[in-house]
Amino acid sequence: MIAGIAASASASGIGPALFGSLGVAAVIVWPRLRTYQSAVAVQCAGAAAFAVYFALSGTSTAAASCIIAIAQLLTASLVRDRRVVICVCAVSLSCLGLVAAWTWSGIPTVLASIGCILGTLARVQGSTYRMKLWFLIAAPFWLAHNVLTVSMFALAVDAVSITSNGSSIARSRATAGDIAFASTPFFVREIYRIGEEFWQAARMCASSSYSPRFAAA
């Protein structure tokens with residue numbers, strides 16, 4: 001179905017711009033939603049738009065990753081048995097491996113596959129907070145993929161995703177998010193903590209008020 005829509009869009013001259021714009025709009029909206037169900041619904045719409053966008057752009061692995069994301073999102077939101085959700089996600093990642101082998105294009109395929117795997121970890125989380133945290137970890141891999149494939153709308157999504165998810169996580173940590181943060185795996189907390197320290201250091205450098213913590217005595 002996605003391929004049919006992509007072919008129709010290409011034939012009618014709509015091109016990637018329309019679907020790229022829809023995908024960007026979805027990414028702008030969903031981090032601001034307060035309920036898990038509404039966030040999932042908007043993510044599905046955005047993933048469908050980007051599946052068509054990537055298909056039109058010739059990046060097949062990324063398009064397949066978007067289709068897999070839709071299946072995972074719907075399963076995570078509709079199925080209450082966590083074991084079933086994990087099994088479906090595992091099967092979908094097996095399908096990703098087959099698709100990646102079929103559409104192999106070197107480093108872009110590797111980056112898209114890693115981004116999809118980390119996105120899968122985000123979608124099996126039970127809270128919006130932890131979901132955003134995992135998506136933030138996945139963002140650099142998609143950013144590198146989209147730079148290499150010159151996917152301009154996807155790069156816009158990367159910028160919006162990193163900014164909105166990062167700011168949302170920061171706001172959540174100031175309130176009830178500290179509880180959710182404490183329940184995340186240790187290495188995830190460490191990745192976020194290191195990133196936060198680098199961000200604070202960069203801000204201090206920019207304001208010319210930074211003194212190196214590890215300066216020699």
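Phe50 is buried, at 7% relative accessibility (buried means under 20% relative accessible area, exposed over 50%, partly exposed in between, with a 1.4 Å probe and protein chains only). Tyr53 is also buried, with a relative accessible area of 4%. The model is predicted, so local features need pLDDT of at least 70 and side-chain atom pairs count only at pLDDT 80 or more, while totals for chains, interfaces and linings use all residues. Residues are numbered from 1 along each chain as its sequence is written, and side-chain values use heavy atoms, without hydrogens and water.

Phe50 and Tyr53 are three residues apart in helix 3 (residues 36-57), and therefore about one helical turn separates them. Helices are DSSP runs of H or I with at least four residues, numbered from the N terminus.

Six aromatic pairs are found in the whole structure. Rings of Phe, Tyr and Trp (its six-membered ring) pair if their centres lie within 6.5 Å; planes under 30 degrees apart count as stacked, over 60 as edge-to-face and the rest as tilted. The Phe50 and Tyr53 rings have centres 5.3 Å apart and planes at 80°, so this pair is edge-to-face. Tyr53 also forms an edge-to-face pair with Phe153, at 5.8 Å centre to centre and 75° between the planes. Phe153 lies in helix 8 (residues 152-173), so the pair ties together parts 100 residues apart in sequence. Phe153 is partly exposed, at 26% relative accessibility. One aromatic cluster is formed by Phe50, Tyr53, Phe54, Trp142 and Phe153.

How values were computed. Helices (H or I, at least four residues) and strands (E, at least two) are DSSP runs, numbered from the N terminus.
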